[in-house]
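Please look through the sequence and the model first, and then follow the walk through its strands, helices and single residues below.

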Amino acid sequence: MVNRNTHSFTPIHASQIAGWRRIWQRAPNRPAAFLSVIVDSDSVIDGVIAPVPNDDWVALDAREFSYARLAVTDAVRHAATDVRDISIYAIPPSDAAPPDKDHPILLSYVDAVLQGYLREFGEAGAERFCTTTEGWDTPVRNDRADPIYPRAQRLTETEQTFVDDMLLTLRAKVFA
């Protein structure tokens with residue numbers, strides 16, 4: 001939820017969480033791979049925190065229906081004031097499966113995520129996101145022309161070049 005264009009939560013505050021690492025996984029009720037997190041005591045990842053509008057966790061849980069909501073308040077570093085509870089969403093290990101060609105990463109999803117990281121953390125932050133995320137060896141479906149991801153975003157030419165170059169650097173297997 002780093003991309004401000006994919007939700008209406010405000011105010012947003014940059015943050016870091018210790019003890020977690022991002023991973024591309026799939027859940028049995030999803031047709032594609034999604035970002036999740038797994039415990040990793042040696043990892044620190046960038047992200048954002050924001051209050052849930054109207055404290056409507058039920059609506060957010062519905063949006064994130066394949067994930068379990070986990071309390072992580074004490075693991076998150078941020079400069080926000082008046083923060084009560086911070087949660088992170090993860091596909092439960094019992095439901096997680098490795099992505100495959102039938103359940104690929106969607107390029108429209110990668111675009112939305114990396115656009116958010118570029119805008120919030122700059123190129124260095126977007127590169128950190130990529131290097132601290134596991135599973136880039138998963139097939140990536142190029143759905144950019146006809147996005148499947150429901151919160152797909154239009155990228156600037158510079159953003160698109162960054163994403164495409166990053167996927168080359170990561171040796172991602174992009175297919176049509």
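This is a predicted model: local features need pLDDT of at least 70, side-chain atom pairs count only at pLDDT 80 or more; totals for chains, interfaces and linings use all residues.

Helices (H or I, at least four residues) and strands (E, at least two) are DSSP runs, numbered from the N terminus.

Strand 1 covers residues 13–25 and strand 2 covers residues 34–49, and these two strands run antiparallel, joined by 12 bridges; two strands are said to pair if DSSP finds at least two bridges between them. Strand 1 also pairs with strand 4 in the antiparallel sense, over 3 bridges, and here Gln16 stands opposite Arg77 in strand 4. With strand 7 (residues 133–134), strand 1 runs parallel, and 2 bridges join them; the bridge partner of Arg22 in strand 7 is Thr133.

The segment before strand 1 holds Asn3, which is buried, with a relative accessible area of 5%. Buried means under 20% relative accessible area, exposed over 50%, and partly exposed in between, with a 1.4 Å probe and protein chains only. Not counting residues up to four places away in sequence, Asn3 touches Ala112, Gln115, Gly116 and Gln153, where contact means heavy atoms within 4.5 Å. The side chain of Asn3 also reaches the backbone nitrogen of Asn5 at 2.9 Å. Asn3 and Asp100, by comparison, are 97 residues apart in sequence and 26 Å apart in space, C-alpha to C-alpha. Pro11 has its place in the segment before strand 1 as well, and the peptide bond that leads from Thr10 to Pro11 is cis, with omega near -10°.

Most residues other than glycine have a negative phi, and most peptide bonds are trans. Asn54, in the loop between strand 2 and helix 1 (57–63), has a positive phi of about 55° although it is not a glycine, and at 79% relative accessibility Asn54 counts as exposed. Asp82, in the loop between strand 4 and strand 5, has a phi near 60°, a positive value in a residue other than glycine, and Asp82 is exposed, with a relative accessible area of 77%. The loop between strand 4 (76–78) and strand 5 (87–90) also holds Asp85, which is exposed, with a relative accessible area of 55%. Asp85 and Thr73 are 12 residues apart in sequence, and their C-alpha atoms are 5.6 Å apart in space.

A further sheet, which is open, has 3 strands in the order 6-8-9, with parallel pairing. Its edge strands are strand 6 (105–106) and strand 9 (173–175), each of which pairs on one side only. Strand 6 and strand 8 (residues 139–141) pair in the parallel sense over 2 bridges, and Leu106 has Arg141 in strand 8 as its bridge partner.

Helix 2 and helix 3 (residues 157–169) pack at an angle of about 90°, with their axes 9 Å apart; the axes are lines fitted to C-alpha atoms, for helices over the stretch in contact, and angles run from 0 to 180 degrees between N-to-C directions. Helix 2 and helix 3 are therefore roughly perpendicular to each other, since angles under 35 degrees count as roughly parallel, over 145 as roughly antiparallel, 65 to 115 as roughly perpendicular and the rest as oblique. Among the residues that meet are Leu107, Val110, Asp111 and Leu114 in helix 2, and Phe162, Val163 and Met166 in helix 3.

Asp111, found in helix 2 (residues 107–131), is buried, with a relative accessible area of 2%. Not counting residues up to four places away in sequence, Asp111 touches Arg144, Leu155 and Val163.

Conventions:
Residues are numbered from 1 along each chain as its sequence is written. Side-chain values use heavy atoms; hydrogens and water are left out. A polar contact is a pair of N or O atoms within 3.5 Å; within protein, one must be able to donate a hydrogen and the other to accept it, and residues adjacent in sequence count only if both atoms are side-chain atoms.
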